[in-house]
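Please look over the model shown here before reading on. The paragraphs below go from the whole chain to some of its parts.

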Amino acid sequence: MRILGIDPGLRTTGFGVLDAPGGDQLSYVASGVIQTHAAELGDLPARLKLLFDGIRELSARYQPDVAVVEIVFVNVNPQATLLLGQARGACVTALVASDLPVAEYTALQMKQAVAGHGKAAKAQVQAMVQRLLRLSAAPRPDAADALGLAITHAHAGQALARLQQAGLTRTTTSMYRRR
């Protein structure tokens, strides 16, 4: 299974691609960022289009089986939260338009899965992603978060799917698919 992780942001969106052939073995494929500073700061539609097009390009290039996107929570600044929500919406829309199922995890769930505790600092997530994927260097913070989401889904997603198939639990993640 190939997993595309997305850490949405209006200026910088991180991405990470992993192969999860089964078991605990994970294989790094690619990671990086989509930056929208080519558009003017106040031109929200142009920034959202850059994100949409960038996610579609990633989907076409890496042909993932599933995508994972971070769930956004309200923070201190409501305007920043609304802007981040729009960036996240552009990412999810691009993934669904690419016919990908989309799973969602919170930053807390990702940090718990990758670093062992939900309040892990960005540097801790970077170091653990580097270690888990046996990378020669730590990825950028946004890419590390995206890879962390993919790692989380590789481990938790498979277990949750098996439990759901057995009718034992409901997952807290959401799945979207274009019909």
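Predicted model: local features only at pLDDT ≥ 70, side-chain atom pairs only at ≥ 80, totals over all residues.

Residues are numbered from 1 along each chain as its sequence is written, and side-chain values use heavy atoms, with hydrogens and water left out.

The chain has 5 helices and 5 strands; these are DSSP runs numbered from the N terminus, helices being H or I with at least four residues and strands E with at least two. Along the sequence they follow the pattern β-β-β-α-β-α-β-α-α-α. Of the 179 residues, 44% are buried, where buried means under 20% relative accessible area, exposed over 50% and partly exposed in between (1.4 Å probe, protein chains only). The accessible surface is about 9300 Å², and carbon and sulfur atoms account for 53% of that surface; areas come from the Shrake-Rupley method with a 1.4 Å probe. Of the contacts between residues at least 6 apart in sequence, 61% join residues at least 24 apart, a contact being heavy atoms within 4.5 Å.

Two packed helices are described by the angle between their axes and the distance between the axes. For helix 1 (residues 44–62) and helix 2 (residues 78–97), the axes come within 8 Å and cross at roughly 35 degrees. Axes are lines fitted to C-alpha atoms over the stretch in contact, and angles run from 0 to 180 degrees between N-to-C directions. The crossing of helix 1 and helix 2 is right-handed, that is, the near helix is turned clockwise from the far one by less than a right angle. Helix 1 contributes L44, L48, L51, F52, I55 and R56 to the contact, and residues of helix 2 in it include L83, A87 and A94.

Strand 4 (residues 66–70) pairs with strand 5 in the parallel sense over 4 bridges; pairing requires at least two DSSP bridges. V68 stands opposite A103 in strand 5. In a regular strand the side chains alternate between the two faces of the sheet. In strand 5 (residues 102–105), V102 and E104 point one way and A103 and Y105 the other, and all are buried.

V33 lies in strand 3 (residues 25–35). With a relative accessible area of 22%, V33 is partly exposed. Leaving aside residues up to four places away in sequence, V33 touches T12, T13, G14, F15, R140, D142 and A143. V33 and A146 are 113 residues apart in sequence, yet 9.4 Å apart in space, C-alpha to C-alpha.
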